[in-house]
Amino acid sequence: MTTAPSGSGATAPMPDRTPKALRAAIAQYAPQLLVDFDRHWRRDIADAYDLAPVPAFMARWWGEFALARDPQLEAKVHGLEDAADQEPDYARAKALIEEAGLLRRQAAKAEPGQ
């Protein structure tokens, strides 16, 4: 994994697709996610002594990091979700949530090194 200079405005690179590499990237580039990442890992993987949920865990946190590494995209997605929460018109709220979901899915398609 390459390192983006701090404060450069560059998007952090996606790590290798391993829990250890993803945790290191979160710790370096999105530390606000680290407590939840560790809590989720302990609860669903480590304390359960079960590796079956690892693919779902990785998919969720891969997407979370992919979004968090791009502050502008993260702000846009959260803005859409917040707007949907406040929108009284169901159809409009649904459209806002669908747009936010599409952006989340697109971000999660990032490959290691991108």
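Q: Which residues of helix α1 (residues 19-29) are buried?
A: In this predicted model, the buried residues of α1 are A21, L22, A25, I26 and Y29.

Q: Why is P13 counted as buried?
A: The term applies under 20% relative accessible area, and P13, at 7% relative accessibility, therefore counts as buried. P13 is placed in the segment before α1.

Q: How far apart are P13 and R69 in sequence and in space?
A: They are 56 residues apart in sequence, while their C-alpha atoms are 8.0 Å apart in space. R69 itself lies in the loop between α3 (54-68) and α4 (71-86), and, leaving aside neighbours within four places in sequence, R69 is in contact with T11, A12, P13, M14, A110 and Q114.

Q: Why is R69 said to have no salt bridge?
A: A salt bridge requires a side-chain nitrogen of Lys or Arg within 4 Å of a carboxyl oxygen of Asp or Glu; the nearest side chain of opposite charge to R69, that of D70, is 6.8 Å away, and R69, although buried, has no salt bridge.

Q: Which backbone oxygen does the side chain of R69 reach?
A: The side chain of R69 reaches the backbone oxygen of A12, at 2.4 Å, where the cut-off for a polar contact is 3.5 Å.

Definitions and conventions: Residues numbered from 1 in each chain as written. Predicted model: local features only at pLDDT ≥ 70, side-chain atom pairs only at ≥ 80, totals over all residues. Heavy atoms only, no water. Helix = DSSP H or I, 4+ residues; strand = E, 2+ residues; numbered from the N terminus. Buried < 20%, exposed > 50% of the residue type's maximum accessible area, 1.4 Å probe, protein only. Lys, Arg positive; Asp, Glu negative; His and termini not counted. Polar contact = N/O pair within 3.5 Å; in protein donor to acceptor, adjacent residues only side chain to side chain. Contact = heavy atoms within 4.5 Å.
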